[in-house]
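The sequence and structure are shown first.

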Amino acid sequence: MALAAGTASGPLAEEGFGWAVRYAAYDESADRGVELPRDRWVPVRRGRRQDTVFDLASLTKLCTTIVALRAVERGLITLDGHVAAYAPECTAAAEHGITVRHLLTHTSGLIPELPLYEEAGRERRLARLAAEPPVTPPGTARRYSDLNFLLLQRVVERTAGRPLDRLVREAVTGPLGMSDTRFNPPASWLPRIAATEDQRRPWGKVDRRMLRGVVHDENAWALGGVAGHAGLFSTAGDLAVLCRALLAGGGPVLSAESTELMLTAPGLGFEVDQPWFMGELAGRGAAGHTGFTGTSLVVDRARGVYLVLLATTVHPRRRPGDSTPRAAAATALARALG
């Protein structure tokens, strides 16, 4: 695990613990990981140009959110604009009046996910996404859904005329100098990347074996590694840079007004005051998110601090989620601040 905590002016703590790579596979019959030879274990590292790179999973949504709000600031879209006005191929969104705000607040009524990886080819996958209707009327209930951010990806790509990976580079990682954050990391990064899962059925959804340096999320993988809901890889150090920018008001990635809107309840893209992963940082307007692979990020503007935790809890295979360590770390930080 990699940890980074700090304030708008700089770090308070930066630590690395445990192993980025330890297992060669998962032994289903023995219900345990098959360890690599000890000399091939790779420790989690912290330090400039040596940080371990992690699959961020759903922390990707935060960068997609910033890209969308940049589009709002530039007049390309509006929060209450209809998705179909920007991406007319999204036929179900057109029929049911889904808006950009519905996507960002998870109130579109869409189910959590679809098995897009089962479809043959990118066009069929996108067509299935576009045709999926909500199960509750948009705006009436909150239901967390990856589909919201896949549709949001369609909106920002259509209106900007550029793919999401380039938009994230232009809007977030470039301005902040986050050189260790990107989709589809190159082979040269592999020695620094933490392994994720021996991904295969029945616990996984596709059969890919041990993953390292390729996105863990099955739908993001099926869409080429660049997706609005998952796909980014990054380091604790790079995410700390983003957190400091948000604590300082959002510049240079967003205006102060957009940052306030994004981080204030109910939040746009961000979750607000969630004790299950924020511990005692929750309760005063803390905003953040988690990722399935074991990642989390919290920005607490009331206390002026941030906390980034990056781990690979799916190595060597996924288990039922447990956010107790996330909450405990956040509580420890809150208590240390008094």
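On a 1 Å grid over the protein atoms alone, a pocket is an open set of points where a 1.4 Å probe fits, with protein on both sides within 12 Å along at least five of seven lines; lining residues have an atom within 4 Å of a point. A volume is the space filled by probe spheres set on the points, which are joined across faces, edges and corners. The model is predicted: local features need pLDDT of at least 70 and side-chain atom pairs pLDDT 80 or more, whereas totals for chains, interfaces and linings use all residues. Numbering runs from 1 along each chain as its sequence is written, and side-chain values use heavy atoms, without hydrogens or water.

The largest pocket has a volume of about 860 Å³. Among its 38 lining residues, Gly291, Phe292, Thr293, Gly294 and Arg326 are the closest to its centre. The lining divides by class as follows.

| Class | Members of the class | Lining residues |
|---|---|---|
| Nonpolar | Ala, Val, Leu, Ile, Met, Phe, Trp, Tyr, Cys, Pro | 14 residues |

Alanine 287 has valine 299 as its bridge partner in S14. Both strands belong to an open antiparallel sheet of six strands, ordered S2-S1-S15-S14-S13-S12.

Definitions and conventions
Pairing = 2+ DSSP bridges. Helix = DSSP H or I, 4+ residues; strand = E, 2+ residues; numbered from the N terminus.
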